[in-house]
Amino acid sequence: MCGISGIHNYSNKIINSKEIIKKIINIQKLRGPDANGIWESECKKVTFGHNRLSIIDLSKNANQPLKSYDENFVITFNGEIYNYKQIKTELLQKKIKFKSNSDTEVLLEAYKYWKLEFLQKLRGMFSFAIWDIKNKKLILARDPFGIKPLYYSNSNGVFYFASQIKSLLSINNINKKKSEAGVVSFYLLGHLQDPLTLYKDIKSLEKGTCIVMDELGTINKYEYA
């Protein structure tokens, strides 16, 4: 279990993204006690955070947020890719270079090579965010069974995401108003149906779904599973 978080300030609002992510990292510290990190884009619009629980590659080379070998892509990832060795073998045959032995880097290089088609290759439990530096696109995805959580809020020109709802609730800019549909879903069904949460401005990314957001904040959502 790891913790991921991030901000895409596509409207250039005056916010301290690094401080917000530092606060979320502290809130999510139990999800990843082995290391934590923050990455911020040169344009200052995108900030990623990560709480790491080391499982596969225990070295610092696998710390996150992680940049691709060519440094054109960045990822913050929670989960485990069961077939990462097979995918890595395929990528090595295509002359793709790696700097770690982690499944995180395999996931990132797979996206770099196959784009969104790589989602069909993944076998595992995961939620992650990738920032495509050259094309200025944010990609979020969740595994087909919804094992790993991923929550987001698109509030006042800023897109926030995190592994836990309480992390998003710590952000002053996010409205804490309850969701009537979420409350009804909980009491009628005994659980919340994605994308509903108990809060109107916080959504849960549906299982087997990918979000692509461009630099202007336009969102396209795809069901891949």
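# Notebook: a sheet, a helix and some rings

I began with helix α1 and listed its buried residues: Ser17, Ile20, Ile21, Ile24 and Ile25. Seen down the axis of α1, these buried residues fall within an arc of 140°, so they line one face of the helix. I note here that this is a predicted model.

I then traced the strand order. The sheet is open, has six strands and reads β2-β3-β1-β9-β8-β10. Its pairing is antiparallel. Which strands are at the edges? They are β2 and β10, and each pairs on one side only. Strand β10 is residues 203-204.

**Entry on β1.** I picked Ser5, which lies in strand β1, residues 3-8. Is Ser5 buried or exposed? Its relative accessible area is 0%, so I wrote down buried. I left aside its neighbours within four places in sequence and looked up its contacts. Ser5 touches Ile21 and Ile24, among others. Both of these are on my list of buried residues of α1. Its contacts also include Thr47, Phe48, Gly49 and His50. Phe161 and Ala162 are in contact with Ser5 too, as is Thr76.

**Entry on β2 and β3.** I looked at how these two strands are joined. Strand β2 is residues 35-40, strand β3 is residues 46-52, and six bridges join them. They run antiparallel. Ile38 has Gly49 as its bridge partner in β3. The hairpin of β2 and β3 has five residues between the strands. There, Lys44 takes a positive phi near 70°.

**Entry on β8 and its partners.** Strand β8 is residues 151-155. How many of its five residues are buried? I found four, and β8 is mostly covered. Strand β8 is joined to β9 by five bridges, and the two run antiparallel. Ser153 stands opposite Tyr160 in β9. The hairpin of β8 and β9 has two residues between the strands, and Asn156 takes a positive phi near 55° in it. I also checked β10, which pairs with β8 over two bridges in the antiparallel sense. In β10, Ser204 stands opposite Tyr151.

**Entry on aromatic rings.** How many aromatic pairs does the structure hold? I noted nine. Trp39 and Phe48 have ring centres 5.9 Å apart and planes at 55°, so this pair is tilted. Both Trp39 and Phe48 are buried. Tyr152 and Phe159 make a stacked pair, with 5.5 Å centre to centre and 20° between the planes. Why does Tyr152 count as buried? Its relative accessibility is 10%, and buried means under 20%. Phe159 is buried as well, with a relative accessible area of 1%. I also found a cluster linked by ring pairs: Phe73, Tyr111, Phe118, Phe126 and Phe128.

**Entry on lysines over rings.** Last, I looked up two lysines. Lys88 lies over the face of Phe98, 5.0 Å from the ring centre. Lys121 lies over the face of Trp114, and its distance from the ring centre is 4.3 Å.

Technical notes. Residues are numbered from 1 along each chain as its sequence is written. This is a predicted model: local features need pLDDT of at least 70, side-chain atom pairs count only at pLDDT 80 or more; totals for chains, interfaces and linings use all residues. Side-chain values use heavy atoms; hydrogens and water are left out. Buried means under 20% relative accessible area, exposed over 50%, partly exposed in between (1.4 Å probe, protein chains only). Contact means heavy atoms within 4.5 Å. Two strands pair if DSSP finds at least two bridges between them. Rings of Phe, Tyr and Trp (its six-membered ring) pair if their centres lie within 6.5 Å; planes under 30 degrees apart count as stacked, over 60 as edge-to-face and the rest as tilted. A charge sits over a ring if NZ of Lys or CZ of Arg is within 6 Å of the ring centre and within 35 degrees of the ring normal. The arc is that of the directions from the helix axis to the C-beta atoms.
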